[in-house]
Amino acid sequence: ILYIGDPTSIHDIKWISAFSTRMGYTAYMAAQDIEVEKMTDLDRDRLSSNNITLIPGLRFYSLWRQWDNWHSASIIEKAIKEHNINIVHILFITPYALNANYTHLPTIITSRGSDALLVLPSLLETKGLRGLHDRFLFKLFRKALLRASCITCTSIEQQKSLRTLFGKKVSTELIRTGVDVQTIAEVDQDNGPIRKVEGKKLILFPRYIQPIYNTLFQIEALKLIDPDKLEKLQLVFIIGRNPDHDYLKKVTSELAKLKAQYDLVEYLGQQELWALYCTSDITVMTPISDGTPNSGLEAMAAKSQLIMGNLPYDRDLFNSGSCLLMNTDDPQELADLIMDAVEKPDHGLLESAFRTVSEKGDRIQEMDRLDDVYRNCLSSNLSQNS
C-alpha cells in the first residue's frame, strides 16, 4: 500500500501501522517535502519502528505551478512501479486527495473531520477572483473523490457533508480511527507527566491550545466558577506541536488571572497521554469543528468523565448515556457541567461509556473493517481487468 499523508501526524501513523505491522502488507508513505522538513527524531523512529518506508518529494498542489504538480505525479508513479504498489490510500482530503488524479490504481481516500466539514464547503463561499480559483479547485477535488474506489469517514456528519457536496455517486464507509481500548484501560498512571494533587479534582483539556479547539472559550467558562470551588480544581492544558504563539500568549495571560492551579504540558507521547487521561477525573473538549475525536474515545476508555461541546457528534458514540453534552455555546453551561461532574460524579455513566467505546470505537475492530475495504477494492479491480 502507498499511503499519502503527513509523517508528523500521529493519526496518520495509527492508520498505517495497523497494516505495516500486519502479515501480508508492506507500507510506504509518500509525503510533501515541507512536512518531511518538520520531522523530528521521534517521527523518524516512529516510522522505523512501525516498518513504514518514507518516500519524500511531493510538493504542495498549486493551480499556478503545474510543474510542481507534475513533479508530485512523477514521484507517485515511480513509487508505484518500483514498489509494486497494489493500493493507494490518501489519509486526508485537503489537500492530499488531489493526488488521486495521478493514479489509476484502486484508491481509498479518508476524511477525518475538518476537511469534509469546513474546508471543502468553504471553497464554494469565497467571492471575486479568489472565488473563481476556489471553485475550480473544488471541481478538482470532486474529480478526485469521484475517482476514488471508496471514501472512508470517521463520522456520520462527514458522510452527510460529502453527499451534500458531491451527490450519491460518492461511495463512503464509516470507519473510525478507533483507540486501543484495553491498552488504555490498563496503562500505568505513574507514567503520566502530571501528579494529581491530593484533595483536588484534575480537569484535563486534551485538545491543543489552538483557536479551532476553543481554549479561550473554556477559560471563559472557568472564570464563571465560584473562586472557592475553582481553587479545588487542578487544570491541565496541552500546548501541542507548532503552537499558534499569539493565541498561546492570550491563553496563558487569561489562565494567570484564574484562582486555580494549572499546568501547561508540551506535546506528549502516546503512553504519557493515556496515563494522563487515566489520572484525570474529568476531560473537557469544545472544538469549533470535529469529526469523531480520538481524544473523546480515549477519555471513555480511561474512564474519565467526558464533557463535549455543542456539535453534531455521532450519537451512537457520544450521547447522554456516555458523556455530558453541551446544548448551547454558552460558557455558563460549560461551567455548570464541569461543576456537576465535580460534585456529582456518575460512576454508572463511566461504565456505560467504557462499554460503548469497546463496542463502537475499538481500533482493532475498525482497522479490520478497513482491511475488508482494501480486499473488496482489490477484488473489484481484478474483476474489471479480467
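The largest nonpolar core of this predicted model holds 37 residues. Leu 2, Ile 109 and Leu 162 have the most contacts inside this core. Such a core is a set of buried Ala, Val, Leu, Ile, Met, Phe, Trp, Tyr and Cys residues joined through side-chain atoms within 4.5 Å. Buried means under 20% relative accessible area (1.4 Å probe, protein chains only). Helix 6 gives the most to the core, with six residues. Helices (H or I, at least four residues) and strands (E, at least two) are DSSP runs, numbered from the N terminus. Apart from this core lies another, of 32 residues, including Trp 274 and Phe 354. In soluble globular proteins, nonpolar side chains tend to be buried together.

Leu 2 touches Tyr 28, Ile 55, Ile 87 and His 89, among others, not counting residues up to four places away in sequence. Contact means heavy atoms within 4.5 Å. Among contacts in the chain between residues at least 6 apart in sequence, 72% join residues at least 24 apart.

The chain has 16 helices and 13 strands. Of its 386 residues, 55% count as buried. The C-alpha atoms fill a box of roughly 70 × 50 × 40 Å, taken along the principal axes.

Residues are numbered from 1 along each chain as its sequence is written, and side-chain values use heavy atoms, with hydrogens and water left out. As the model is predicted, local features need pLDDT of at least 70 and side-chain atom pairs count only at pLDDT 80 or more, while totals for chains, interfaces and linings use all residues.

Terms used: Buried means under 20% relative accessible area, exposed over 50%, partly exposed in between (1.4 Å probe, protein chains only).
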